[in-house]
Amino acid sequence: MTRRRLLGLLVTLLLVGVLAGCGGGDEAPPGEQVTVTIPAGATAAQIAAILEEAGVVDSADGFVERVVADGVGEGFQPGTYRLRTNEKYDRIIFQLTNGPS
């Protein structure tokens with residue numbers, strides 16, 4: 001294998017690894033439905049801890065990083081939500097921003 005091909009392969013593998021790690025919460029299909037209550041005045045970190053404890057997200061820190069990157073942590077609505085374990089972060093953020101149904 002030439003040096004150029006090897007470098008191309010390494011770059012491709014690196015990109016795939018980075019992209020796979022950026023999704024967060026997207027690795028497995030959503031599972032069972034759970035109920036979580038988000039109290040008024042809860043911070044993004046507190047909400048993330050509630051979601052992690054219920055199994056909605058696999059990592060509270062990863063969820064907080066995503067919320068900060070998206071700039072949406074201040075717009076979450078308090079209330080009781082029906083979410084699914086291993087839910088996709090985009091769906092969780094959408095629901096928390098729009099309020100409980």
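Modeller: The account below starts with the chain as a whole and then turns to helix packing and a few individual residues.

This is a predicted model, in which local features need pLDDT of at least 70 and side-chain atom pairs count only at pLDDT 80 or more, while totals for chains, interfaces and linings use all residues. Residues are numbered from 1 along each chain as its sequence is written, and side-chain values use heavy atoms, with hydrogens and water left out.

The protein chain contains 4 helices and 2 strands, in the order α-β-α-α-β-α from the N terminus. Helices here are DSSP runs of H or I with at least four residues, strands are runs of E with at least two, and both are numbered from the N terminus. Of the 101 residues in the protein chain, 30% are buried; buried means under 20% relative accessible area, exposed means over 50%, and partly exposed lies in between, with a 1.4 Å probe and protein chains only. Among the contacts in the protein chain with a separation of 6 or more, 59% join residues 24 or more positions apart, contact meaning heavy atoms within 4.5 Å.

Two packed helices are described by the angle between their axes and the distance between the axes. Axes are lines fitted to C-alpha atoms, for helices over the stretch in contact, and angles run from 0 to 180 degrees between N-to-C directions.

Helix α2 (residues 44–54) and helix α3 (residues 60–70) have axes that come within 8 Å and cross at roughly 135°. That angle makes α2 oblique to α3; angles under 35 degrees count as roughly parallel, over 145 as roughly antiparallel, 65 to 115 as roughly perpendicular, and the rest as oblique. From α2, the residues Ala 44, Ala 45, Ala 48, Ala 49, Leu 51 and Glu 52 meet Ala 60, Phe 63, Val 64 and Val 67 of α3. Sorted by class, this contact of α2 with α3 has 9 nonpolar, no polar and 1 charged residues. Ala, Val, Leu, Ile, Met, Phe, Trp, Tyr, Cys and Pro count as nonpolar, Asp, Glu, Lys and Arg as charged, and the others, Gly among them, as polar. Also in helix α2 is Gln 46, which counts as partly exposed at 43% relative accessibility. Its C-alpha is 9.4 Å from that of Val 64, 18 residues away in sequence.

The other partner is α4. The axes of α3 and α4 come within 11 Å and cross at roughly 65°, and the two helices are therefore roughly perpendicular to each other. Their crossing is right-handed. Here Gly 62, Phe 63, Arg 66, Val 67 and Asp 70 of α3 meet Tyr 89, Asp 90, Ile 92, Ile 93 and Leu 96 of α4. By class, the contact of α3 with α4 has 6 nonpolar, 1 polar and 3 charged residues.

Val 57 lies in the loop between α2 and α3. With a relative accessible area of 3%, Val 57 is buried. Leaving aside neighbours within four places in sequence, Val 57 is in contact with Ala 48, Leu 51, Glu 52, Phe 63, Tyr 89 and Ile 92. The C-alpha atoms of Val 57 and Tyr 89 are separated by 7.7 Å, at 32 residues apart along the chain.

Gln 95, within helix α4, counts as buried at 15% relative accessibility. Beyond residues up to four places away in sequence, Gln 95 touches Tyr 81, Arg 82 and Leu 83. Asn 86 sits in the loop between β2 (79–84) and α4 (89–98). Although not a glycine, Asn 86 has a positive phi of about 55°, and at 33% relative accessibility Asn 86 counts as partly exposed.

Note on methods. A crossing is left-handed if the near helix is turned anticlockwise from the far one by less than a right angle, and right-handed if clockwise.
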